[in-house]
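This briefing is intended to be read alongside the sequence and the coordinates.

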2 protein chains.
Amino acid sequence: MTTASTGRRRRADAERSIARIVSAARECLSRDPNASIDDIAKAAGVGRMTLYGHFRNRKELIEAAMADALRAGEEVLSEVDLTGPAQEVLTRLLESSWSLVAESTALLAAAQGVLPAGRIREMHAGPAQRVEDLVRRGQEEGAFRTDMPIAWLVSVVQYVLHGAAEETRAGRLKPEETGRVVIATVQSILAA
Amino acid sequence: MTTASTGRRRRADAERSIARIVSAARECLSRDPNASIDDIAKAAGVGRMTLYGHFRNRKELIEAAMADALRAGEEVLSEVDLTGPAQEVLTRLLESSWSLVAESTALLAAAQGVLPAGRIREMHAGPAQRVEDLVRRGQEEGAFRTDMPIAWLVSVVQYVLHGAAEETRAGRLKPEETGRVVIATVQSILAA
DNA sequence: CTTAACTCGTACAGGTGCATACGACTTATT
DNA sequence: AATAAGTCGTATGCACCTGTACGAGTTAAG
């Protein structure tokens with residue numbers, strides 16, 4: 001993103017490096033929010049100096065990784081069929097996005113240590129709005145409960161996903177049953 | 001714990017220091033899992049060298065803080081009335097322990113970075129067993145669901161508590177409604 | 001082919017945190 | 001009052017991570 005505003009050209013080669021770095025950042029930070037710049041560069045198969053050539057500091061790198069994860073999320077969400085009862089839409093939505101959200105929790109933790117809270121909320125605005133809209137619609141249909149704050153209903157889904165990812169990683173939940181368990185749990189929480 | 005096996009006496013003065021250090025460790029690490037030894041010593045109103053006189057290294061200190069938190073947990077749990085339907089027992093149990101568990105999540109995160117996973121599980125064996133027993137009893141009574149692994153049902157409660165603590169700390173959940181929200185959420189998850 | 005962009009190693013400076021060593025002062029305990 | 005235990009400052013060594021500087025080699029793009 002260094003030579004973005006100059007109007008100058010950017011070599012294809014650099015483009016590839018940036019992509020590999022961002023990808024490696026997402027992977028490393030998802031495993032360990034305290035992963036060092038050096039770890040990430042190594043994982044990207046790139047020298048640390050090359051990384052600094054594209055990202056001035058750790059903060060910029062994490063922001064880019066975050067933005068990339070959110071972009072991937074938006075992409076997945078936009079392909080979900082939103083027609084029909086809220087219950088079913090929710091199931092479809094979870095089926096296609098639970099693993100992505102789950103894997104990004106550690107990345108989010110890394111971001112929280114570096115970026116201001118406002119910036120993070122701002123980046124999440126899109127996806128959060130989508131989920132909130134769905135919950136509200138479910139409430140109006142009488143399918144979802146109304147005895148708790150909407151903000152809580154939205155966040156608790158996040159925490160359940162986080163937990164499922166953690167349990168799966170630790171081997172206490174079989175990968176093939178994680179999806180089913182997540183969906184059943186979330187439905188129980190939201191159901192009226 | 002340095003002069004534990006020597007059979008020698010320990011001064012009352014040192015006993016007080018140790019208590020203050022462990023208490024400060026719980027408090028600091030609960031706010032920031034990466035709090036430094038120096039931070040903890042300052043919070044305890046004690047020199048860093050005094051701290052090292054009682055705990056050889058960071059790992060030993062964290063283990064002591066963890067043990068203290070769990071001891072407090074055991075104490076609270078042992079006072080809960082276990083008679084009656086599992087539903088009601090669960091409510092009583094959450095009412096008296098949710099805040100404690102919630103506050104200890106960051107401390108747990110600190111421990112996970114230093115202690116082997118096996119040691120942590122071992123320390124949690126007592127409380128975990130208690131909750132698991134209750135869940136199993138609820139299942140036998142027909143009050144709790146049986147379509148998910150018990151281990152998941154037990155852990156998801158933890159994650160909900162963690163989430164509630166986080167949301168409350170961030171000001172997105174009013175402190176006076178946190179208890180109610182937690183209990184309602186957990187009951188929805190466990191109910192058959 | 002020429003040039004500018006890119007890669008990447010080495011080196012350095014600044015900061016932080018952990019852990020140990022030494023020594024002097026203070027306080028509980030008998 | 002005497003002694004051992006405890007407190008605590010200063011200094012030191014080590015390891016790690018961040019970010020910058022310089023410079024030489026490599027490669028894409030015109």
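The two copies in this predicted model meet through the same surface, because 100% of the interface residues of chain B are also interface residues in chain A. Chain B is superposed on chain A by a rotation of 179° with 0.0 Å of shift along the axis, at an RMSD of 0.1 Å. That is the relation of a two-fold axis.

**Interface between the chains**

- Chain A and chain B each bring 19 residues to the contact.
- On the side of chain B that touches chain A, helix 8 (150-169) and helix 9 (175-190) of chain B each supply at least two residues.
- Helix 8 of chain B gives the largest share of that side, with nine residues.
- By class, the side of chain B that touches chain A consists of 11 nonpolar, five polar and three charged residues.

**Confidence**

- Chain A has a mean pLDDT of 92, and 95% of its residues reach 70 or more.
- Residues 1-7 of chain A stay under 50 in pLDDT, and the model has three contacts for them beyond four places in sequence.
- Where pLDDT is low, the predicted coordinates should not be read in detail.

**Overall form of chain A**

- Chain A contains nine helices and zero strands, and its elements from the N terminus on follow the order α-α-α-α-α-α-α-α-α.
- Taken along the principal axes, the box filled by the C-alpha atoms of chain A is roughly 55 × 40 × 30 Å.

**Helix 7 of chain A with helix 5 of chain A**

- Helix 5 (residues 86-103) of chain A packs on helix 7 (residues 117-141) of chain A at an angle of about 155°, and their axes are 9 Å apart.
- Helix 5 and helix 7 of chain A are therefore roughly antiparallel to each other, and their crossing is left-handed.
- From helix 5 of chain A, the residues A86(A), V89(A) and L90(A) meet L134(A), R137(A), G138(A) and E141(A) of helix 7 of chain A.
- This contact of helix 5 with helix 7 of chain A has four nonpolar, one polar and two charged residues.

**Helix 7 of chain A with helix 4 of chain A**

- Helix 4 (residues 58-78) of chain A crosses helix 7 of chain A at roughly 25°, and the two axes come within 10 Å.
- That angle makes helix 4 of chain A roughly parallel to helix 7 of chain A.
- The crossing of helix 4 and helix 7 of chain A is left-handed.
- M66(A), A67(A), L70(A), G73(A), E74(A) and L77(A) in helix 4 of chain A meet a set in helix 7 of chain A made up of M123(A), G126(A), P127(A) and R130(A).
- The contact of helix 4 with helix 7 of chain A divides by class into six nonpolar, two polar and two charged residues.

**Helix 4 of chain B with helix 6 of chain B**

- In chain B, helix 4 (residues 58-78) and helix 6 (residues 105-112) pack at an angle of about 145°, with axes 10 Å apart.
- The crossing of helix 4 and helix 6 of chain B is left-handed.
- Helix 4 of chain B contributes I62(B), A65(B), M66(B) and A69(B), which meet L107(B), A110(B) and A111(B) in helix 6 of chain B.
- By class, this contact of helix 4 with helix 6 of chain B has seven nonpolar, no polar and no charged residues.

Technical notes:
Residues are numbered from 1 along each chain as its sequence is written. Chains are lettered from A and ligands numbered from 1 in the order in which they are written. This is a predicted model: local features need pLDDT of at least 70, side-chain atom pairs count only at pLDDT 80 or more; totals for chains, interfaces and linings use all residues. Axes are lines fitted to C-alpha atoms, for helices over the stretch in contact, and angles run from 0 to 180 degrees between N-to-C directions. Helices (H or I, at least four residues) and strands (E, at least two) are DSSP runs, numbered from the N terminus. Angles under 35 degrees count as roughly parallel, over 145 as roughly antiparallel, 65 to 115 as roughly perpendicular and the rest as oblique. A crossing is left-handed if the near helix is turned anticlockwise from the far one by less than a right angle, and right-handed if clockwise. Two residues are in contact if their C-beta atoms, placed from the backbone, lie within 7 Å. Ala, Val, Leu, Ile, Met, Phe, Trp, Tyr, Cys and Pro count as nonpolar, Asp, Glu, Lys and Arg as charged, and the others, Gly among them, as polar. Copies are superposed by least squares on the C-alpha atoms of residues with pLDDT of at least 70 in both. pLDDT is the predictor's confidence in each residue, from 0 to 100.
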